[in-house]
Amino acid sequence: MDGAPIVVHRPSASGGRRVSLHRHGRDEILGLAYSDHDLAVFLEAAGVLDPDAIMDNPLWVEWRGGRAHQWDAA
């Protein structure tokens, strides 16, 4: 696998960031997160047991197109 399995995409023009998960050979969109809490909820629903522990681990989460934990509009 290339890169982290979880991608937090660039902030959208209206705010929030799309979150996707690569598993079973395909990408799955988990939702549009507006906060760290939203991201944690999406990751828990996807089966991540302790999402807060991996949010800043580049082996697990790749933050694209903006600073990590930046949720406001682009």
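## Close-up views of a predicted model

**View 1. Strands β2 and β3 sit side by side as an antiparallel pair.** β2 covers residues 17-23 and β3 covers residues 26-33, and seven bridges link them. (Strands are DSSP runs of E, at least two residues, and helices are runs of H or I, at least four residues, both numbered from the N terminus; two strands pair if DSSP finds at least two bridges between them.) Look for H22: its bridge partner in β3 is D27. The hairpin has two residues between the strands, and H24 there takes a positive phi near 55 degrees.

This is a predicted model, where local features need pLDDT of at least 70 and side-chain atom pairs count only at pLDDT 80 or more, while totals for chains, interfaces and linings use all residues. Residues are numbered from 1 along each chain as its sequence is written, and side-chain values use heavy atoms, leaving out hydrogens and water.

**View 2. Here is the one aromatic pair in the structure.** The ring centres of W63 and W71 are 5.6 Å apart and the planes meet at 70 degrees, so this pair is edge-to-face. (Rings pair if their centres lie within 6.5 Å; planes over 60 degrees apart count as edge-to-face, under 30 as stacked and the rest as tilted.) W63 is buried at 16% relative accessible area, and W71 is buried at 11%. (Buried means under 20%, exposed over 50%, partly exposed in between, with a 1.4 Å probe and protein chains only.)

View 3. Skipping neighbours within four places in sequence, L43 is in contact with I6, L30, V48, P51 and I54. (Contact means heavy atoms within 4.5 Å.)

Terms used. Rings of Phe, Tyr and Trp (its six-membered ring) pair if their centres lie within 6.5 Å; planes under 30 degrees apart count as stacked, over 60 as edge-to-face and the rest as tilted.
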